[in-house]
Each structure stands twice: as structure tokens, then as C-alpha cells.
Amino acid sequence: MKPQDPNWHSEIESSMVIASPDAIRWDIETDVLVVGAGCAGASAALEAKAHGAKVLLLDRYIGGGASALSGGIMYYGGGTKYQKQAGYNDTPDNMYNYLKLETCGVVSDSTLKKFCDESVQNLEWLEQHGVGFEASMSPVKTFYPINKYFLYYSGNELVKEYKDVAESAPRGHRVKWNGFSGAGLMKALLKSCDDFHVDVMTQSRVTQLVQDGNGNVLGVKMLQIAPESKAAKRFALYYQVFSKVRMYFPPLANWLRKNMNLIEQEQTVTRLVRAKKGVVLSAGGFVFNRAMIKHHAPKYAPGAPLGSPGCNGNGIRLG
């Protein structure tokens, strides 16, 4: 059977509406269900677990998402210990003044202020979950520092227009890792999920929300490749190869993506998951959904999609 168009899976189902949680038979029950095991999803799962919830973290592929394929740059400031070790002064207000100009009103003042005020503690939270950073400062302005450096100017902090409103400070904190640091970020976070006994299911794709008549989300329908099956192992291998070749051999990457889709069409079983306290959707963006790109970001439509193929708009459309 010839693999179908890679966008076939972008179609999701309208919510299943039931009278009450007892109206159907659930295959799995948990307190909090998190869809998408990238940085946001893993962080949400760890926080829910820290607050005493039973947590299930689902991922369509093998975990990590686009975060694992990224450069692993965390934009932190306001006086992190790495800024101080490198000899730079920064405060939450100084960081806010810079970002206020940089973001041009896209982010509300209250959200931006909260981001700056909590920046130091957010970095420390990642450290508590095994993510490493370093104060080695890049001597030159760069798009991405080489493996010797893990702190750098990642924005326009040195441009006069911005220096007039805020004292310059490097805020690009690259996760300590050789190569693209997103891999190190997600290795640490997923290990922490395991250490704190977050239940994780990979190769599990959510296609539908389950709601009651009042609109409350009760759970989801997911399609899962049978764990430990030959199909699951082949699917994981395809994804691992895809992750390595996606930027360098697009034809091979497309072939792998289409064949992963084919495995999902032929080898998945349906499971209903009950989430007693809520569902968190962290299933990525929509760079692999060309129709959404053309509609929402048309100037990027001619470019080749990069990142995780799970960024197909499903999480957004489910929400």
C-alpha cells in the first residue's frame, strides 16, 4: 500500500459528547492527562505530579517533540546566577524594559511582567529537574554559540535603540550539551518524569476530546500503536532517523514521515482515556500543516517545514 499524503492525519474529530463519565467504558483512568511530551508538556506533567495528581503524559512519537530537535536556548534574565558569574547586572525591571520594546505589544504588560519577575526561579526549576547551564560567555554576537559557550546575546540587546531603554545583558541561556541542546533539555525533563513516576505512553495520538453536555472535558480518544510490537519498533526507528536527516535530506525525511503515517493508519488500536481533573494540550504548533501555514503565516509557506512532524496543528484544533 502506497503511503498517503502526509497531511491526512491533520483531520481530527469533533468532540464526543456523552451524558456523564459513566456513560462509556474507559480503557485508562488518570487525574491529569497531558498531550504532547515536549518541554511544555513534560513541565506541566511534573508540576501536576508535584501537586499530588496521578499524571499520564502522552506523545505521538517517542517523546521530546520539537523541543528535543531545537537549539535548547532558554531566554532567562533578571539576575540569573549565570549572568552574575559572567559579570553582568540585570534586574526583572531592566529585562521588562527591553522586552517591552522588543515584543511591540504582542504580549500583554501583565504577562510580560510575570515572565520577567519569575525568570530566575523558572531557570532554577529546570535545574532542579536536571537541566544544566553554564556561565561561559560567547565573545562574539552569534546566531548560535559553539560548544564552548552557553551564555550569549540572543536578541537585540546591544542595539542602540534598545540600549537606550535597558542596560544590555546576555539572556540566551543555552542548555549545557554538545550539539543542538534541545536534546539535552528533553533528556533531563523526561528522565525527571520517570524519576517522579509520571506515567508516559508514546506512539499514542489523540484524535478526539470527550465532553459532557455542559462542555466539560472528561477525557480523550487516542490511537496507540501496540507497545513492543514490530510496528512500534519500526515506527521508533523511522522517527529516530527522521530526526537526524530532516534538515539535510528532505526527500528521505518525507519518505520516513509518510511511512510513519502509514503505520499509524494500519497498526493502531483505539483507547479511551478518562482524565478526572483535566486535560492539558501541549501538542506543538502547525509547521507541518501547510494549509494552516498558508492561512496564518503565508510568508513562510514556501519554506521547508522543520521540527517535529507532530507540529501539524492537531493540538490547536483539538482546543
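Rings of Phe, Tyr and Trp (its six-membered ring) count as a pair if their centres lie within 6.5 Å. Keep that cut-off in mind for the first stop of this tour, which runs through a predicted model.

Select Tyr61, Phe235, Tyr239, Phe242 and Phe288. Ring pairs link these residues into a cluster. By the same cut-off, the count of aromatic pairs comes to nine.

Next, select Tyr144 and Phe180, and show their side chains. The ring centres are 5.7 Å apart and the planes stand at 40 degrees, so this pair is tilted. Now colour by secondary structure to see where the two residues sit. Tyr144 is in the loop between helix H6 (119–128) and strand E5 (151–152). Phe180 is in the loop between strand E6 (172–174) and H8. The pair therefore ties together parts that are 36 residues apart in sequence.

The crossing of H1 past H8 is left-handed.

Finally, show the side chains where the helices meet. H1 contributes Cys39, Ala42, Ser43 and Leu46 to the contact, and H8 contributes Leu185, Met186, Leu189, Ser192 and Cys193. Coloured by class, this contact has seven nonpolar residues, two polar ones and no charged ones.

Technical notes
Residues numbered from 1 in each chain as written. Predicted model: local features only at pLDDT ≥ 70, side-chain atom pairs only at ≥ 80, totals over all residues. Heavy atoms only, no water. Left-handed = near helix turned anticlockwise from the far one by under 90°. Helix = DSSP H or I, 4+ residues; strand = E, 2+ residues; numbered from the N terminus. Contact = heavy atoms within 4.5 Å. Nonpolar A, V, L, I, M, F, W, Y, C, P; charged D, E, K, R; others polar. Phe/Tyr/Trp six-rings, centres within 6.5 Å; stacked < 30°, edge-to-face > 60°.
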